[in-house]
Amino acid sequence: MKLTKRNLVRAIGGVSAFAVVGIVFAAWYVHEPEMPRVPRPAKSSFDLAMVGRGEQLATVGDCIVCHTAPGGMPFAGARALPHTVWNSILEQHYT
């Protein structure tokens, strides 16, 4: 194949089109649509014995250590947990 200006333009166009398709696919693949809000259930809908058992398990597991930011509300999340040398993971809340 002879290297001509026309062939070079075609090659660059093909690579560019492939790159655009790849970027569009990657954007589609990683897109997460927003989840609809879930209404807060009434406190009376929970079994008090199960709530007490959950409190015991959270106390024994010392869950508050990882799920509470320094100076923050208990179990509110947003505590940075070291993950790698380059970044941290922000802990999520479960309340």
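Me: A residue is buried under 20% relative accessible area, exposed over 50% and partly exposed in between, by a 1.4 Å probe on protein chains only. Why is Ala78 called exposed?

Reply: Ala78 has a relative accessible area of 53%, so the residue is exposed, the limit being over 50%. Ala78 belongs to the loop between H3 and S1. The model is a predicted one, in which local features need pLDDT of at least 70 and side-chain atom pairs pLDDT 80 or more, whereas totals for chains, interfaces and linings use all residues. Residues are numbered from 1 along each chain as its sequence is written, and side-chain values use heavy atoms, without hydrogens and water.

Me: What makes Thr68 buried?

Reply: The relative accessible area of Thr68 is 11%, and therefore Thr68 counts as buried. Thr68 is located in the loop between helix H3 (64-67) and strand S1 (80-82). Its C-alpha atom and that of Ala78, 10 residues apart along the chain, are 7.1 Å from each other.

Me: Which residues does Thr68 touch, not counting residues up to four places away in sequence?

Reply: With that exclusion, Thr68 touches Met73, Pro74, Phe75 and Arg79, contact being heavy atoms within 4.5 Å.

Me: How do you know that the side chain of Thr68 has a polar contact with the backbone nitrogen of Phe75?

Reply: A polar atom of the Thr68 side chain is 2.9 Å from the backbone nitrogen of Phe75. A polar contact is a pair of N or O atoms within 3.5 Å, one able to donate a hydrogen and the other to accept it; residues adjacent in sequence count only through two side-chain atoms.

Me: Why is Phe75 called partly exposed?

Reply: Phe75 has a relative accessible area of 26%, so the residue is partly exposed. Phe75 lies in the loop between H3 and S1, and its phi is positive, near 60°, although the residue is not a glycine.

Me: What makes Asp62 partly exposed?

Reply: Asp62 is partly exposed because its relative accessible area is 44%. The loop between H2 and H3 holds Asp62, a residue other than glycine with a positive phi of about 55°. Most residues other than glycine have a negative phi.

Me: How do you know that H1 lies largely in the open?

Reply: One of the 26 residues of H1 is buried, so the helix lies largely in the open. In the protein of 95 residues, 6% are buried.

Me: What makes the span of H1 close to the expected one?

Reply: Helix H1 (residues 5-30) reaches 37 Å from its first C-alpha to its last, close to the 38 Å expected at 1.5 Å a residue. The expected span is 1.5 Å times one less than the number of residues. Helix H2 (residues 48-60) has 13 residues and reaches 18 Å, close to the 18 Å expected.

Me: How many helices and strands are there in the protein?

Reply: The protein contains three helices and two strands, in the order α-α-α-β-β from the N terminus. Helices are DSSP runs of H or I with at least four residues, and strands are runs of E with at least two, numbered from the N terminus.
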